[in-house]
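Trainee: Hi! Could you walk me through this one? I'd like to go piece by piece.

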Amino acid sequence: MSGSTSESNFLKNFHIPDYILVPGSEVERTPDVPKCPVLVFINSKSGGQLGGELFVTYRALLNVKQVFDLGKEAPDTILHAIYVNLEKLKLDGDEYAIKIEERLRVIVAGGDGTAGWLLGVVSDLKLSHPPPIATMPLGTGNNLPFAFGWGKKNPGTDQVSVKSFLDCVMKAKEMKMDSWHILMRMRAPKDGPCEPIAPLELPHSLHAFHRLSDTDELNMEGCHTFRGGFWNYFSMGMDAQVSYAFHSERKLHPEKFKSQLVNQGTYLKLGCTQGWFGASLFHPSSRNIAQLAKVKIMKRHGQWQDLDIPRSIRSIVCLNLPSFSGGLNPWGTPNRRKLSDQRDLTAPYVDDGLLEVVGFRNAWHGLVLIAPNGHGTRLAQAHRIRFEFQKGAAEHTYMRIDGEPWKQPLPVDDDTVVVEISHLGQVNMLATHGCRSKSVYDPSSPSHHDTEGDDGDDSDEEDSVQGEEFRKFGAADTFKIPDEVDISQLS
C-alpha cells in the first residue's frame, strides 16, 4: 500500500489538471501546485513501435490530456491554445495557473527532426515565459538528446523507465541554446529548376527550406529565395551526399529500417558505395569545397573576411552542438596552444552566438572522431557564415540540416548562388548535470570569454537584418510538416 501511495505522490509532481489544458473546463481546486508540470509530445511513428508504446505508457501515468501524439495533433495548435488559456486564467487572478506556467516543462520524444519541429514552434510563439524542453531519443542519430545528456539509444517504454525519465526531467538544469537562420538566394535560372530536391521528391518544406512569398521582405525581384533555420548543424559536401543516399533508400524500402543497429549498418555501407572512403578516387575535385564555393565568415565586429579552405576538404560542417552523426564531436577541445593562436579558438559553447566550422577530407578522416581527442580540421568560429558558389563549378551539390539532406542544383550560367547563415536567437533546453553541452555562462565551464558587459550584439547596425519575417524562426511555416507527409520519416 505504501509503495502505491509513494508512486501516486511522485506522479503528482507532473500532473496538470484539465482546466489548465482545456479552455472552458470546470476549475479544479487542488491543494498543491505540481513541482514539475509537464506537457509531453510524442512522435508515435518514431523508433518503430516504440513511439506508440511510449505514448500509451505516458497516458497511463499522467493526465491523458497532457500527452499528445504528433502524428495526430500539431504542436503549434496545442501550445497556442494552452498558453491563451493560461493568459486568460492569469488575468482572472488564478494563482495556480501563474505557478503552472512558471514551472512548466516540455518533453518531446522522437528523432532530431521531431525535436527541431517542436523547438521551432516554441520559438515562433514568442512566449513571455517559454518552457524549457527535454528531448527524449527516439530516432536514428539522436544528436540533440545526446548533446544535453539524455542519451542516444531509444529509451525503455515500460512504466519504470518512463518514471525514471520523468525524475531526471524534474532534476534537470535549464540551459540556453542558440538558433540559426539560413538564407539561400539565386537568380532565377533561364533553364532548369533550382528548387532543393529532397529524397524521392518529398516536399522540400519537410527538409531545409521554404520558398519565400512575393510579399516577404527578404524576397528579391529576379531571384529565388529560400529560408529556414536549424539548431545543430548545417553541412555541405560528401557527408551530405551519403546522408541523401541513406534517406532515399529508407523512403524506398522503409521495411528495412526498423532498428537503430540496422540503420547505422546501412549508413556505413552507403558510405562505402558512395565513395566516401575512397573520395580521392571517386569524388570529383570540382566538388571539393574550395573549388565549389568561396566561404566568408564574420566573427564579432561586422567585418566579413575570407576563410581559407584547404583544397583537400570535401565536406564542411557548421556546428552548433558538440554532437554530430550519432554523438561524435568534430570540434573537440582545443588545447592551450590552439586557444592562444591567431585564430582565437575556444571550446564549443551552445549559447555563445558562434558556430564551429570544421572540414573533413574523407570518411577515413572522419574516423579520427572515434579517438578520445580526435577532431576534424578546425577552420574557424563565426557569428555569420556566407557561401558564394562559383560560376560553373558543378551542376549540383548536397546539403544537410539537422539530419535532413537534400540535393541542391546549381545554375551553370550564374555566379550569384549564396547561402548565408546567421545567429537568430535562443531557446530554453533541459540538460542533465554533467552533459557534454557547455554554457559560456556556466562557471564550471572552462572559458576565456569575458562575458561581463557583452550585450550579445555582434554585428554592426547596418549589417543586421531587421523585420518580423527574419526574426521568425520558421517552424510554424517553414518547418511545418505537410499533411501528406508521413512523419515516421523524420530522422
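This is a predicted model: local features need pLDDT of at least 70, side-chain atom pairs count only at pLDDT 80 or more; totals for chains, interfaces and linings use all residues.

Mentor: We'll start with the whole chain, then look at a sheet, some ring pairs, a helix contact and a loop residue.

Trainee: Okay! How many helices and strands does the chain have?

Mentor: The chain's secondary structure comes to 15 helices and 17 strands. Helices (H or I, at least four residues) and strands (E, at least two) are DSSP runs, numbered from the N terminus.

Trainee: And how much of the chain counts as buried?

Mentor: Of its 491 residues, 56% count as buried. Buried means under 20% relative accessible area, exposed means over 50%, and partly exposed is in between, using a 1.4 Å probe and protein chains only.

Trainee: What share of the contacts comes from residues 24 or more positions apart?

Mentor: Among contacts in the chain with a separation of 6 or more, such residues account for 78%. A contact here means heavy atoms within 4.5 Å.

Trainee: Let's do sheets. In what order do the strands of the 6-stranded one go?

Mentor: The order is S13-S12-S11-S8-S15-S16, in an open sheet with antiparallel pairing. Two strands pair if DSSP finds at least two bridges between them.

Trainee: Which strands sit at the edges?

Mentor: Strand S13 (377–382) and strand S16 (404–409) do, and each pairs on one side only. On average, neighbouring strands of this sheet are turned by 20 degrees against each other, direction ignored. For angles like this, axes are lines fitted to C-alpha atoms, for helices over the stretch in contact, and angles run from 0 to 180 degrees between N-to-C directions.

Trainee: What about S8, is that strand buried or exposed?

Mentor: Strand S8 (residues 233–237) has 5 of its 5 residues buried, so it is largely enclosed by the rest of the structure. S8 pairs with S11 in the antiparallel sense over 5 bridges, with Ser235 opposite Val317 in S11. S8 also runs antiparallel to strand S15 (residues 396–401), joined by 3 bridges; there, Phe234 has Ile401 as its bridge partner.

Trainee: You mentioned Val317. What is its bridge partner in S12?

Mentor: That partner is Val358. Strand S11 (residues 315–319) and strand S12 (residues 355–360) run antiparallel and are joined by 5 bridges.

Trainee: Now rings! How many aromatic pairs are there?

Mentor: A search of the whole structure finds 5 aromatic pairs. Rings of Phe, Tyr and Trp (its six-membered ring) pair if their centres lie within 6.5 Å; planes under 30 degrees apart count as stacked, over 60 as edge-to-face and the rest as tilted. One of the pairs is Phe41 with Phe68, which is stacked, at 5.2 Å centre to centre and 25 degrees between the planes. Phe41 lies in strand S1 (residues 38–42) and Phe68 in strand S2 (residues 67–69), 27 residues apart, so the pair links distant parts of the chain. 

Trainee: How accessible are those two?

Mentor: Phe41 counts as buried at 0% relative accessibility, and Phe68 counts as buried at 8%. Another pair is Phe234 with Phe387: their ring centres are 5.7 Å apart and their planes are at 50 degrees, so the pair is tilted. Phe234 in strand S8 and Phe387 in strand S14 (residues 384–389) are 153 residues apart, and both residues are buried.

Trainee: Switching to S4: which way do its residues point?

Mentor: Ile133, Thr135 and Pro137 point one way, Ala134 and Met136 the other way, and all are buried. In a regular strand the side chains alternate between the two faces of the sheet. Strand S3 (residues 105–110) pairs with S4 in the parallel sense over 5 bridges, and Val106 stands opposite Ile133.

Trainee: And helices? At what angle do H3 and H8 pack?

Mentor: Helix H3 (residues 50–61) and helix H8 (residues 159–171) pack at about 70 degrees, with their axes 10 Å apart. That makes H3 roughly perpendicular to H8, a label for angles of 65 to 115 degrees, while those under 35 count as roughly parallel, over 145 as roughly antiparallel and the rest as oblique.

Trainee: Last one: where is Lys126?

Mentor: Lys126 is in the loop between helix H6 (112–125) and strand S4 (133–137). Its phi is near 50 degrees, a positive value in a residue other than glycine, and Lys126 is partly exposed, with a relative accessible area of 44%.

Key: Residues are numbered from 1 along each chain as its sequence is written. Side-chain values use heavy atoms; hydrogens and water are left out.
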